[in-house]
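Subject: Structure handover

Hello,

Here is the structure we talked about. Please open it alongside this email, and the notes below will walk you through it.

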Amino acid sequence: MVDKLTLSDDEWRRRLSPEAFKVLRQHGTEAPGSGCFLQTKEPGTYVCAACHNPLFKSGEKFESGTGWPSFTQPLTPDSVTEYEDRSYGMTRTEVRCGRCDSHLGHVFPDGPPPTGLRYCMNSVAMDHVPEGQSLELVRQGEVS
């Protein structure tokens with residue numbers, strides 16, 4: 001596991017767009033069907049938009065019909081962390097970046113085989129690194 005990245009809200013605000021800050025740091029959700037990665041199929045790796053931690057391989061992405069990009073499993077067990085979310089009168093499992101603790105989306109037990117899981121992610125919470133390009137982590141003190 002890589003070193004954790006911990007920044008103040010002011011530092012995150014300087015690094016992220018207002019929409020990204022709302023989703024990643026304030027646990028918001030983009031409107032269904034609005035995300036830029038909903039229909040993408042290019043080979044590569046999806047990384048956290050806040051710290052560039054590798055999250056999902058493009059081969060794990062599938063069309064769930066929900067309006068958000070969905071994946072069957074994270075790249076590694078340490079790529080993401082999961083937390084119980086009891087907001088809005090529901091009980092769900094929130095998914096956060098394993099490195100910077102940014103909100104990515106939720107995971108549900110209604111996905112396809114082999115995992116049966118659907119990691120339902122916000123496009124604004126991720127960047128796509130095309131296959132063959134190096135994965136560069138954002139470091140403490142850097143501005144992305």
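Start at Y88, which counts as exposed because its relative accessibility is 72%. Bear in mind that this is a predicted model. Y88 sits in the loop between β5 and β6. It is not a glycine, yet its phi is positive, at about 60 degrees. The loop is the turn of a hairpin: β5 and β6 form it, with 6 residues between them.

D101 is another residue to look at for its backbone. It is not a glycine either, and its phi is positive, near 70 degrees. You will find D101 in the loop between β6 and β7. D101 counts as partly exposed, because its relative accessibility is 31%.

One more backbone feature is a cis peptide bond. It joins P113 and P114, with omega at about 10 degrees. P114 belongs to the loop between β7 and β8.

Now the sheet. It is open and has 6 strands, in the order β3-β4-β8-β7-β6-β5, with antiparallel pairing. β3 (61-62) and β5 are the edge strands, and each of them pairs on one side only.

- β3 and β4 run antiparallel and are joined by 2 bridges. F62 has S70 in β4 as its bridge partner.
- β4 and β8 are antiparallel too, with 2 bridges.
- β7 and β8 run antiparallel, and 4 bridges join them. V107 has Y119 in β8 as its bridge partner.
- β5 (residues 80-85) pairs with β6 in the antiparallel sense over 6 bridges. The partner of V80 is C97 in β6.

Is β8 covered on its faces or left open? Both faces are covered. R118 and C120 are buried on one side, and Y119 and M121 are buried on the other. In a regular strand, side chains alternate between the two faces of the sheet.

Past β8, look at N122. It lies in the loop between β8 and β9 (126-130). N122 counts as buried, because its relative accessibility is 2%, under the 20% cut-off.

Next, the aromatic rings. How many aromatic pairs does a search of the whole structure find? It finds 4. In the pair of Y46 and F71, the ring centres are 5.2 Å apart and the planes stand at 65 degrees, so the pair is edge-to-face. The cut-off for that label is over 60 degrees. This pair links distant parts of the chain: Y46 is in strand β1 (residues 44-48) and F71 is in strand β4 (residues 70-71), 25 residues apart. Y46 is buried, at 0% relative accessible area. F71 is buried as well, also at 0%.

Ring pairs bring F37, Y46, F56, F71 and Y119 together in a cluster. Y119 is also one of the buried residues of β8, and it is the bridge partner of V107.

R96 lies over the face of Y83, at 3.9 Å from the ring centre.

Last, the largest pocket. It holds about 270 Å³ of space. Its lining has 17 residues, and G28, T29, R92, H103 and H106 lie nearest the centre. The elements that give two or more residues to this lining are β6 (92-97), β7 (103-108) and β8 (118-121). Which element gives the largest share of the lining? That is β7, with 4 residues. By class, the lining has 5 nonpolar, 8 polar and 4 charged residues.

If you want a viewing order, I would take the sheet, then the ring cluster, then the pocket.

Best wishes

Terms used
Residues numbered from 1 in each chain as written. Predicted model: local features only at pLDDT ≥ 70, side-chain atom pairs only at ≥ 80, totals over all residues. Heavy atoms only, no water. Phe/Tyr/Trp six-rings, centres within 6.5 Å; stacked < 30°, edge-to-face > 60°. Buried < 20%, exposed > 50% of the residue type's maximum accessible area, 1.4 Å probe, protein only. Lys NZ or Arg CZ within 6 Å of the ring centre and 35° of its normal. 1 Å grid on protein atoms, 1.4 Å probe; cavity = no way out; pocket = protein on both sides within 12 Å on 5 of 7 lines; lining within 4 Å. Points joined across faces, edges and corners; volume = space filled by probe spheres on them. Nonpolar A, V, L, I, M, F, W, Y, C, P; charged D, E, K, R; others polar. Pairing = 2+ DSSP bridges.
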